[in-house]
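Dear colleague,

Please find below the structure that I am handing over to you. A short account of the findings follows it.

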Amino acid sequence: MGPRVPAWEQVIAMEQWISPEGRLELPGEDRAQVQAVALQMTIAEAEVYTSLLTPEGTAALVREVRRRVREGGKRYSSTLADVHDLQEAEDTDGARKVLEEYIASESIPRYREWAEEELKDLE
């Protein structure tokens with residue numbers, strides 16, 4: 001059995017199904033997955049439900065999920081680079097502070113969880 005693909009990657013892959021007219025029609029199971037992932041990306045519940053009412057809204061929602069994952073990934077990677085630099089300089093307290101500040105400000109739960117694991121590894 002291969003590695004499990006994160007749900008957000010499955011949703012991002014749905015972007016290839018968007019028509020040239022900017023429409024995305026999904027069966028119920030796929031719509032439910034988009035809904036769940038969009039909520040995990042801290043997109044407002046009302047916006048998620050409204051978006052899923054139309055194929056155009058669904059397409060826009062999938063694109064917004066991709067944007068949030070990409071931006072969150074950049075923030076996370078940048079934070080880890082800073083932490084690594086501080087660790088190499090033997091500044092564990094500084095690395096810990098960077099992670100704590102990141103965790104306090106990150107809106108996407110998955111990225112916060114990963115940073116919390118990194119913080120545990122520092123201790």
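Arg96 is placed in helix α5, which spans residues 92-105; helices here are DSSP runs (H or I, at least four residues), numbered from the N terminus. This is a predicted model, in which local features need pLDDT of at least 70 and side-chain atom pairs count only at pLDDT 80 or more, while totals for chains, interfaces and linings use all residues. Residues are numbered from 1 along each chain as its sequence is written, and side-chain values use heavy atoms, with hydrogens and water left out.

The side chain of Arg96 makes a polar contact of 3.1 Å with that of Asp93 (a pair of N or O atoms within 3.5 Å; within protein, one must be able to donate a hydrogen and the other to accept it, and residues adjacent in sequence count only if both atoms are side-chain atoms). Leaving aside residues up to four places away in sequence, Arg96 touches Leu119, Leu122 and Glu123, contact meaning heavy atoms within 4.5 Å.

Helix α4 (residues 55-88) and helix α6 (residues 109-122) have axes that come within 10 Å and cross at roughly 10 degrees. The axes are lines fitted to C-alpha atoms, for helices over the stretch in contact, with angles running from 0 to 180 degrees between N-to-C directions. Angles under 35 degrees count as roughly parallel, and α4 and α6 are therefore roughly parallel to each other. Val69, Gly72, Gly73, Tyr76, Leu80 and Gln87 in α4 meet Tyr111, Trp114, Ala115, Glu118 and Leu122 in α6. By class, this contact of α4 with α6 comprises seven nonpolar, three polar and one charged residues (Ala, Val, Leu, Ile, Met, Phe, Trp, Tyr, Cys and Pro count as nonpolar, Asp, Glu, Lys and Arg as charged, and the others, Gly among them, as polar).

With kind regards

Note on methods:
Helix = DSSP H or I, 4+ residues; strand = E, 2+ residues; numbered from the N terminus. Parallel < 35°, antiparallel > 145°, perpendicular 65-115°, else oblique.
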